[in-house]
Amino acid sequence: MTSTRFTAACVQMRSGRDVLKNRDDAVALVREAAAQGAHFAQTPEMTSLVCRDRAELFDKVGPEAQDPVLAALREVAREKGIVVQIGSIAVKEGDKVANRAFLIGQDGDIIASYDKIHLYDVDLPNGESWRESATYTGGASAVAAETPWGYLGMTICYDVRFAALYKALADNGASFLSAPAAFTRQTGEAHWHVLHRARAIETGSFMISAAQGGLHEDGRETYGHSVIIDPWGRVLAEGGTEPGVFLAEIDTALVTDVRGRIPTLKNARPFKVEVVPIIETDRAASA
């Protein structure tokens, strides 16, 4: 019988340019989460390496089978008997890199992986410019993975701005959703909380998102504020900008309750969009 209750932990980090140090930091924080009673621990996007220089990134990452962070966190999951979600690591794929998340079971086996679908290609008002598509290859499949407590919808960072992805995951059985991130400070201050609360409320799901936070070695500044939000949009746990572990009790029975009270998924209907242009004769008549 599937249990509906568990303790979730967001592991907030400030990953730098040293993969092995990042590995050790992640291992220590996941162990701390387990010591505090977590059954599920999630690390942020780019757990293994935060590095803006493309040549350095390619020099320091390798194929999935050789990644030291993945290997270490699989061992911690097995050692502590907890489910671990790696928010993402960089994995070499030909002449590009995949921004790949992993869900690891209590036995240390990989349950599922997910490649970030939406790539962050933006120019911000403060002069920051990001072109993830120059380095990363985008994923093509959404992933809802089974855990001991129900299905987890796996997404990453910029994905959180695309509401249809979360509706699709919820429609396919996800009771809790995740968008582990390395949000910039500027966009995080403006949109992090409202986007996460909206995705939770729209789908009647929990949102669990660990984040990078603070000023990194490569000069970028990330927002932090790892959050766990319930299906009613209430913030159950939240970090600041410092690394740490933030826990909340999750009862997925609340998903059934909220979706029953406000059945947006059930009430959604297909529709078409009619684009109505101004008719030239009407424009002339009004002149």
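# Sheet, helices and ring pairs in a predicted model

Me: What is the strand order of the open sheet of six strands?
Reply: The model is predicted, with local features needing pLDDT of at least 70 and side-chain atom pairs counting only at pLDDT 80 or more, while totals for chains, interfaces and linings use all residues. Residues are numbered from 1 along each chain as its sequence is written, and side-chain values use heavy atoms, without hydrogens and water. Strands (E, at least two residues) and helices (H or I, at least four) are DSSP runs numbered from the N terminus, and two strands pair if DSSP finds at least two bridges between them. In this open sheet of six strands the pairing is mixed, and the order is 9-10-11-12-15-16.

Me: Which are the edge strands of this sheet?
Reply: An edge strand here pairs on one side only. From one strand to the next, the twist averages 20°. The two edges are strand 9 (143–147) and strand 16 (235–238).

Me: What angle does the direction of helix 4 make with that of strand 11?
Reply: Helix 4 (residues 163–171) packs on the sheet and touches strand 9, strand 10 (150–154), strand 11 (174–178) and strand 12; contact means heavy atoms within 4.5 Å. Axes are lines fitted to C-alpha atoms, for helices over the stretch in contact, and angles between N-to-C directions run from 0 to 180 degrees. For helix 4 and strand 11 the angle is about 150°.

Me: Which residue in strand 15 stands opposite M207?
Reply: Strand 12 (residues 206–209) pairs with strand 15 (residues 227–229) in the antiparallel sense, over three bridges. Opposite M207 stands I229.

Me: How many of the 11 residues of strand 3 are buried?
Reply: Buried means under 20% relative accessible area, exposed over 50% and partly exposed in between, with a 1.4 Å probe and protein chains only. Strand 3 (residues 83–93) is mostly covered, and its buried residues number nine.

Me: Which residue of strand 4 is the bridge partner of V91?
Reply: Strand 3 is joined to strand 2 (residues 40–42) by three bridges in parallel, with A41 partnered by V84. Strand 3 and strand 4 (residues 96–104) run antiparallel and share eight bridges. Their hairpin has two residues between the strands, and G94 there takes a positive phi near 65°. In strand 4, the partner of V91 is A98.

Me: On which residue is the kink in helix 5 centred?
Reply: The expected span of a helix is 1.5 Å times one less than its number of residues. The 19 residues of helix 5 (residues 185–203) should therefore span 27 Å, which agrees with the 26 Å between its end C-alpha atoms. The bend at a residue is the angle between axes fitted to the seven residues ending there and the seven starting there. Helix 5 has a kink of about 50°, centred on H191.

Me: Why does the pair of F6 and W149 count as stacked?
Reply: Rings of Phe, Tyr and Trp (its six-membered ring) pair if their centres lie within 6.5 Å; planes under 30 degrees apart count as stacked, over 60 as edge-to-face and the rest as tilted. The structure holds five aromatic pairs. F6 and W149 have ring centres 4.3 Å apart and planes at 20°, so the pair is stacked.

Me: What are the centre distance and plane angle of the aromatic pair of Y158 and F162?
Reply: Y158, at 15% relative accessibility, counts as buried, whereas F162, at 29%, counts as partly exposed. Their pair is edge-to-face, at 5.3 Å centre to centre and 85° between the planes.
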